[in-house]
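Hello,

Here is the structure I promised to pass on. Please have a look at it first, and then read on for what turned up.

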Amino acid sequence: MRRDDDLAIEVQRMREWGLARFTGMSVAVTGGISGIGRATAIRLFAEGARVWIIDRNPPAATDPAFDAMSYIGLDVTDAESVHSTITHIATESGAVDVVVNAAGIAHSARVQDTRANDWSRLIDVNLTGTFNVTAAAMRAMKGRGGAIVNIASDAGLVGQLAQAAYCASKGGVVQLTRAAALDGAPDAIRVNCVCPCFVETPLVDAWIAEQPDPSAARAAVQSDQPIGRMGRPQEVAAAVAYLASAEANFVTGVALAVDGGTTAR
Ligand SMILES: NC(=O)c1ccc[n+]([C@@H]2O[C@H](COP(=O)([O-])OP(=O)(O)OC[C@H]3O[C@@H](n4cnc5c(N)ncnc54)[C@H](O)[C@@H]3O)[C@@H](O)[C@H]2O)c1
C-alpha cells in the first residue's frame, strides 16, 4: 500500500463496514504524526471525527493524510501549552470528545547503565506528558463526558531486559490510567489504555537499526511474538477506536493488551 493512499483506503473500508462511530466528534491525538498515533488519527477520521493532531514534529509535506486534519505543534511536556491547546480545541470545536495519548519515546538501557538525563527524559515525555494531556482533557470534558485512551505498552505490564526507564514510564501510564478512570467516572469520563508489544513503526525501526545485527534483531523480535510477527499500527488503532467509542461505554480503567499473545505467557 502506498503511504499516500492509506487515508482514502481507510475511509473506504469504514464506509463498507458501516462504521461511523465518531461522526460529529472532536478528537485530539498526541504523537499523531507518526506510527500508532498516525494510524489512530486516520482511523478516527475515517469513522467521522474532526481530528486535531498534536505533535512536536510537523507533518511531512509529502503526507497528504494530514490535509483533512488540523495540526498543532506542541511538546506534551509543556503543561501550560498543553492546557491552552486543549482549551483552544474545545473552544474551536465546541468540545473535546476523545483524546488519545500516543506521543512517546523509547530508550534501551539496563537499570545500572541508565543515565539520569535519559531517565528524566523518558519519564517526562511518556508519563508526565500523558499526565499533562489527560489532566487538561479531563478539565475540558467535565460536565459533558468523554473518552481518553493512553498508549502504554506491554513494558508497562511486565518487566523487560534493558528497558528500565521505558518500563517505569509505561508502568506509570497504566497506573495513571486506572487512577484517572476512578477520578473521571463521576463526570462520565472514561480512561483506558492499550498495551501493544512490538509494532512496525519508525520508533521500532530506529531501535532495530541501533542493534549490533539489525536483521538478526528483527528476526528475533518477530519469532518471539506468539503470533509470529510484529503488530501493525492499524491493529492498535482498531483497539483504540473501540475503547474510545460508545461501544465501550461500560469499560473504564482497563489496560488492554494488543500484543499477539506476548503477555499471555
Ligand atoms: N511501536 C511499538 O512497538 C510500540 C509498542 C508499545 C508501545 N508503543 C508506544 O506507542 C506510542 C507511539 O509509538 P510509535 O511506535 O508510533 O512511535 P513513533 O516514533 O512512530 O511516533 C511517536 C510520535 O510522538 C511524537 N512525540 C514524541 N515526543 C513528543 C513530545 N514530547 N511531544 C509531542 N509529540 C511527541 C513524535 O514526534 C512522533 O510523531 C509511544 O508512546 C510508544 O511508547 C509503541
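Two strands are said to pair if DSSP finds at least two bridges between them. Please keep in mind that this is a predicted model.

Let me begin with strand 1 and its partners. Strand 1 runs parallel to strand 2, and five bridges join the two. Within this pairing, Ser26 sits opposite Arg50 of strand 2. Together with helix 2, these strands form a right-handed β-α-β unit. Strand 1 also pairs with strand 4 (residues 98-101), again in the parallel sense, over four bridges. There, Val29 faces Val100 of strand 4.

Is strand 1 buried or exposed? Five of the five residues of strand 1 (residues 26-30) are buried, so the strand is largely enclosed by the rest of the structure. Ser26, Ala28 and Thr30 point one way from the strand, while Val27 and Val29 point the other way, and all are buried.

Now to the largest pocket, which has a volume of about 1200 Å³. Its lining is made up of 50 residues, and Ile105, Ala106, Tyr166, Leu203 and Val204 lie nearest the centre. The elements that give two or more residues to this lining are helix 2 (35-46), strand 2 (50-55), helix 5 (164-184), helix 6 (202-210) and helix 7 (214-224). Helix 6 gives the most, with six residues. By class, the lining has 25 nonpolar, 17 polar and eight charged residues.

Best wishes

Terms used. Residues numbered from 1 in each chain as written. Predicted model: local features only at pLDDT ≥ 70, side-chain atom pairs only at ≥ 80, totals over all residues. Heavy atoms only, no water. 1 Å grid on protein atoms, 1.4 Å probe; cavity = no way out; pocket = protein on both sides within 12 Å on 5 of 7 lines; lining within 4 Å. Points joined across faces, edges and corners; volume = space filled by probe spheres on them. Nonpolar A, V, L, I, M, F, W, Y, C, P; charged D, E, K, R; others polar. Buried < 20%, exposed > 50% of the residue type's maximum accessible area, 1.4 Å probe, protein only. Right-handed = clockwise from strand over helix to strand, strands pointing away.
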